[in-house]
Amino acid sequence: MKFSTEDHPHRRLNPLTGDWVQVSPHRAKRPWQGQVEKMEEESRPEHDPSCYLCAGNTRIGGEVNPDYSDTYSFQNDFSSLLEDTPEGEVNENDLFVAKSERGICRVICFSPRHDLTIPELELPSVRKVIDLWAKEYEELGSKSFINHVQIFENKGAVMGCSNPHPHGQIWAQESIPQEPAKKQIKQSEYFDKKGRTLLSDYIASELEKEERLLFENDHFVALVPYWATWPFETMIVPKRNVQRITDLTEEEKDAFADAYKKLTTLYDNLFEISFPYSAGIHQAPTDGKDHPEWHMHMLFYPPLLRSATVKKFMVGYEMLANAQRDITPEQAAYRLRSLSTVHYKQSSSVFS
Ligand code: H2U
């Protein structure tokens, strides 16, 4: 019997982090199992007078949102990191170790429309989200004590999102957090060895292989990474070796918006629901160094597995030993690729 990643249990390496994922393809041999359950979706008004994020409304802390017409960002009223934290360290026998951490947390409202998520917004509105991310990265990153800016989005109650109004967050801080720190090391090692970024080489191969590719436009590639952990995990990568969002040209920002909207449309079409996920951008730290090794990318980690209600739990073996998946990244890519890029709410048939 010859080993094949299509048939036999195996481990795959994430070269960006050094983490492994265990794949059990024999448990999900068929591309699809079980029925697709439909979910009743609540319809939301364009403006909800009780929403803390809608234009003109009063937030929990008493501040009033302006009557914004596209995007709007503000300092999180319950920030996890604070700018005025005093500096300090604890180390008792290398067993009780702590270090103060300064930072700034912001909330980003994607649009005044309470009822529209990214795939439903018009492309120029999605582009405005990209522009605001770039502006925030620039402003926060230029502060001397901020060395890392994490842009992210929690979408859907299942991801712990507290409000259905389309929004994201930014946590900017002194340290480089664990996930991007691992990527910093791995990308540096690769760049030092090959003189090219890891992701430039990776996407060039994926564009040739095509098995995990979802789509490409002039400047971005969307794919299910070879090492994807979540069932429908995906990644959007610029074709050019761009280190940070502020280095994108105007045309590339348009292409980024297009890829973001297209990918989230595929997601919504998968189970014909507003698809939940955690997404975020990994890019160069803002520590004043050049970072030629960095290749920015946006990651999407959706929790759903087989339907709108069947969630993949990272529990048991995953918590104690190693991340694991059944449906292969290739099967997930095949599923996503066969969906229409027209949002199901605007089309009667989702299969192209
Ligand atoms: P989620 O992305 O997890 O839904 O978080 C929304 C954030 O918005 C959350 O961190 C903040 C919460 O602290 N928020 C305010 O800053 N002011 C408010 O009035 C409501 C929510």
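## Residue classes and model

Ala, Val, Leu, Ile, Met, Phe, Trp, Tyr, Cys and Pro count here as nonpolar, Asp, Glu, Lys and Arg as charged, and the others, Gly among them, as polar. The structure is a predicted model, in which local features need pLDDT of at least 70 and side-chain atom pairs count only at pLDDT 80 or more, while totals for chains, interfaces and linings use all residues. Residues are numbered from 1 along each chain as its sequence is written, and side-chain values use heavy atoms, with hydrogens and water left out.

## The largest pocket

The largest pocket holds about 760 Å³ of space, the volume being that filled by probe spheres set on grid points joined across faces, edges and corners. A pocket is an open set of points, on a 1 Å grid over the protein atoms alone, where a 1.4 Å probe fits, with protein on both sides within 12 Å along at least five of seven lines; lining residues have an atom within 4 Å of a point. Its lining consists of 31 residues, and those closest to the centre of the pocket are Glu41, Glu42, Arg44, Gly156 and Ser274.

By class, the lining of the largest pocket divides into 13 nonpolar, 9 polar and 9 charged residues. Strand S7 (residues 148–155) supplies the largest share of this lining, with 3 residues, strands being DSSP runs of E of at least two residues, numbered from the N terminus.

## Around the ligand

The ligand is surrounded by 15 residues, of which Ile60, Asn76, Asp77, Ser162 and His167 are the closest; a residue is counted if one of its heavy atoms lies within 4 Å. This shell is made up of 6 nonpolar, 7 polar and 2 charged residues.

Among the polar contacts (pairs of N or O atoms within 3.5 Å), a polar side-chain atom of asparagine 76 lies 2.7 Å from an oxygen atom of the ligand, and a polar side-chain atom of aspartate 77 lies 2.6 Å from a nitrogen atom of the ligand. Serine 162 instead places a backbone N or O atom 2.7 Å from an oxygen atom of the ligand. Of the 480 Å² of accessible area that the ligand has on its own, the protein covers 87%, as computed by the Shrake-Rupley method with a 1.4 Å probe.

Histidine 297 lies in strand S13 (residues 297–301) and counts as buried because its relative accessibility is 0%, where buried means under 20%, exposed over 50% and partly exposed in between, with a 1.4 Å probe and protein chains only. The side chain of histidine 297 reaches the backbone oxygen of histidine 295 at 3.0 Å; within protein, such a contact requires that one atom can donate a hydrogen and the other accept it, and residues adjacent in sequence count only if both atoms are side-chain atoms.

Histidine 47 is found in the loop between strand S2 (20–23) and strand S3 (72–75), and at 38% relative accessibility it counts as partly exposed. The C-alpha atom of histidine 47 is separated by 36 Å from that of glutamate 179, which is 132 residues away along the chain.

Notes. Helices (H or I, at least four residues) and strands (E, at least two) are DSSP runs, numbered from the N terminus.
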